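Open your viewer, switch to a cartoon view and keep the selection tool ready.

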Amino acid sequence: MPKADASTGRTWSFIDSWVGRAAAITGLVATLAGGITWWATRDREHAERRAQLVLAQSQAAQGDYAVSLDTYGDLLRTDPLDRSAQEGQLNTAMLWTENFSVLVPEGGNASDVAGPQLDRILTTLESGLARTEGPQKADIQAHLGWARWLNQHIAAREFDSAAETNFRAALVSDPQNVYAHAMLGNWLL
């Protein structure tokens, strides 16, 4: 009888080792499949983000600034630290400030149309200013000043010298800043 027990023990040991090997192989295959799925998903998401960035840049180039800011905003909702989206949004807001205009229907009020648009511009520029240094900070300050000037002259909503303060702060940050000089000159005239 002892021989039968030894034979049975060896058989179970052999079966256990094969079950262990099969489990290890199954685990390896599952891990590899999960890794490949993660990689493919990550690659697809990066391609989608790149396509959205290109779309936002195209929208800004066509002068559709509000829609471009929305597209950048969608990107930033999924990844708030995306530097490309942050910079694109900021550059779009500055471009919109430089090319700002409103069409007012007959009998309409410019401030009703311009006010919400300028609020978006100001919010975007102020958030960009908080994370920027150097010459770009001066550009943002100058554009903030111009947006405030627009807010005063088109939307009739600011009545202090906030625009001039922004222009002068831009010149402190970068005394050679072209935007600040041009916009301050306009303010002074």
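## A tour by selection

Begin at Asp119, which is partly exposed, with 35% relative accessible area. Keep in mind as you look around that this is a predicted model. Asp119 sits in helix α4, residues 110–130. Arg157 lies in the loop between α5 and α6, so the pair, 38 residues apart, links distant parts of the chain. Arg157 is partly exposed too, at 34% relative accessible area.

Stay in this loop and select Ala156. The loop runs between α5 (135–153) and α6 (162–173). Check the backbone here: Ala156 is not a glycine, yet has a positive phi of about 55°. As a rule, most residues other than glycine have a negative phi. Ala156 counts as partly exposed, its relative accessibility being 46%.

Glu164 is partly exposed at 22% relative accessible area, and Arg168 is partly exposed at 41%.

For the next stop, select Asp82 and Arg49. Are they buried or exposed? Both are buried. The closest N and O atoms of their salt bridge are 2.6 Å apart. Asp82 is in the loop between α2 (65–78) and α3 (83–98), while Arg49 belongs to helix α1, residues 2–61. The two are 33 residues apart, and this pair also links distant parts of the chain. The count of salt bridges comes to eight.

Finally, zoom out to the whole chain. The C-alpha trace spans about 110 × 40 × 25 Å along its principal axes. The radius of gyration is 30 Å, whereas a compact globule of 189 residues would be near 16 Å. Of those 189 residues, 33% count as buried. Show the surface next: the accessible area is about 11500 Å², and carbon and sulfur atoms hold 60% of it. Then colour by charge to see 15 positive and 22 negative side chains, the centres of the two sets lying 13 Å apart.

Note on methods: Residues are numbered from 1 along each chain as its sequence is written. This is a predicted model: local features need pLDDT of at least 70, side-chain atom pairs count only at pLDDT 80 or more; totals for chains, interfaces and linings use all residues. Side-chain values use heavy atoms; hydrogens and water are left out. Helices (H or I, at least four residues) and strands (E, at least two) are DSSP runs, numbered from the N terminus. Buried means under 20% relative accessible area, exposed over 50%, partly exposed in between (1.4 Å probe, protein chains only). The radius of gyration is taken over C-alpha atoms; the globule rule is 2.2 Å times the number of residues to the power 0.38. Accessible areas come from the Shrake-Rupley method with a 1.4 Å probe; for residues, only the protein chains shown count as cover. Lys and Arg count as positive and Asp and Glu as negative; His and the chain ends are not counted. The place of a charge is taken as NZ of Lys, CZ of Arg, CG of Asp or CD of Glu. A salt bridge is a side-chain nitrogen of Lys or Arg within 4 Å of a carboxyl oxygen of Asp or Glu.
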